Every structure is written in C-alpha cells, then in structure tokens.
Amino acid sequence: MAHKKGQGSVKNGRDSKPKRRGVKIYGGQAVKQSGIIVVQCGTKYAPGRFVRRASNDFLYATTAGKVYFDQGGKRVNVTPDDATVTTV
C-alpha cells in the first residue's frame with residue numbers, strides 16, 4: 001500500500017483569457033471609416049449596407065456614418081455622412 005497519494009493529472013487550474021466580443025458601436029452612434037462595429041465568432045450579425053465582414057468575422061464600416069440595425073437586430077448597416085460615397 002502506498003503511504004502517499006500518487007501525482008495524478010489535475011482537472012482544475014486552466015482558464016482562458018476573456019475575448020471581449022460583442023457589439024462595440026450601437027445603433028445611432030457614429031462610426032469612422034474602417035471602424036470595428038461588432039467582434040464575433042461566426043456570423044451572429046450579418047453585414048448590410050456599407051459594412052463588410054473581415055476574415056476573422058469582425059464587422060467593420062467601409063465609410064463614416066451612423067450605425068443602424070435591421071432584420072430584428074441581426075443585420076448591421078451604416079448610413080453615410082456625406083452624399084459623395086461610392087456604392088460598395
């Protein structure tokens with residue numbers, strides 16, 4: 001019989017850093033060109049007008065303007081500030 005407990009594997013002691021995902025700029029707020037609007041994994045939010053999806057699924061604005069959501073809050077759009085914006 002062993003007098004001390006053997007050194008087995010530990011099930012606890014691991015924790016990951018917070019990723020700080022979510023909506024960064026809400027509806028009605030101003031956004032700069034190429035400003036990040038949503039940080040997400042997968043496609044919880046879809047890009048709309050003047051919004052693009054990056055390779056890491058971030059949503060960013062292609063022009064400066066105001067953010068608004070539609071389709072039940074699932075699609076992100078930007079209303080441009082000036083009228084001289086070329087369509088994307």
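Predicted model: local features only at pLDDT ≥ 70, side-chain atom pairs only at ≥ 80, totals over all residues.
**Entry 1. Contacts of Val-67.** Leaving aside neighbours within four places in sequence, I listed its contacts as Ile-25, Tyr-26, Gly-27, Gly-28, Gln-29, Val-31, Ile-37, Val-76, Asn-77 and Val-78.

**Entry 2. Nonpolar core.** I then looked up the largest nonpolar core and found that it has 13 residues. Val-67 is among those with the most contacts inside this core, along with Val-31, Ile-37, Val-38, Val-76 and Val-78. I asked which strands each supply at least two residues of the core. These include S3, strand S6 (59–61) and strand S8 (75–80).

**Entry 3. Secondary structure.** I recorded 0 helices and 8 strands for the protein. Read from the N terminus, the elements run β-β-β-β-β-β-β-β.

**Entry 4. Pairing with S8.** I looked up how S7 and S8 pair, and the sense is antiparallel, over 6 bridges. In this pairing I noted Gly-65 opposite Pro-80 of S8. The hairpin of S7 and S8 has 4 residues between the strands, and there Gln-71 takes a positive phi near 55°. I next turned to S4, which runs parallel to S8 and is joined to it by 2 bridges. Ala-46 stands opposite Arg-75 in S8.

**Entry 5. Aromatic pair.** I searched the whole structure for aromatic pairs, and the search returned 1. The partners are Tyr-45 and Phe-69, with centres 6.2 Å apart and 65° between the planes, an edge-to-face arrangement. Why does the pair tie together parts that are 24 residues apart in sequence? Tyr-45 lies in the loop between strand S3 (36–39) and strand S4 (46–47), whereas Phe-69 belongs to strand S7 (residues 65–70), so the pair links these parts.

**Entry 6. Totals.** Of its 88 residues, 24% count as buried. I noted an accessible surface of about 6,900 Å², with 50% of it belonging to carbon and sulfur atoms. Among contacts between residues at least 6 apart in sequence, 45% join residues at least 24 apart.

Terms used. Residues numbered from 1 in each chain as written. Heavy atoms only, no water. Phe/Tyr/Trp six-rings, centres within 6.5 Å; stacked < 30°, edge-to-face > 60°. Core = buried A, V, L, I, M, F, W, Y, C linked by side-chain atoms within 4.5 Å. Buried < 20%, exposed > 50% of the residue type's maximum accessible area, 1.4 Å probe, protein only. Contact = heavy atoms within 4.5 Å. Areas by Shrake-Rupley, 256 points an atom, 1.4 Å probe, with all protein chains shown as cover. Pairing = 2+ DSSP bridges.
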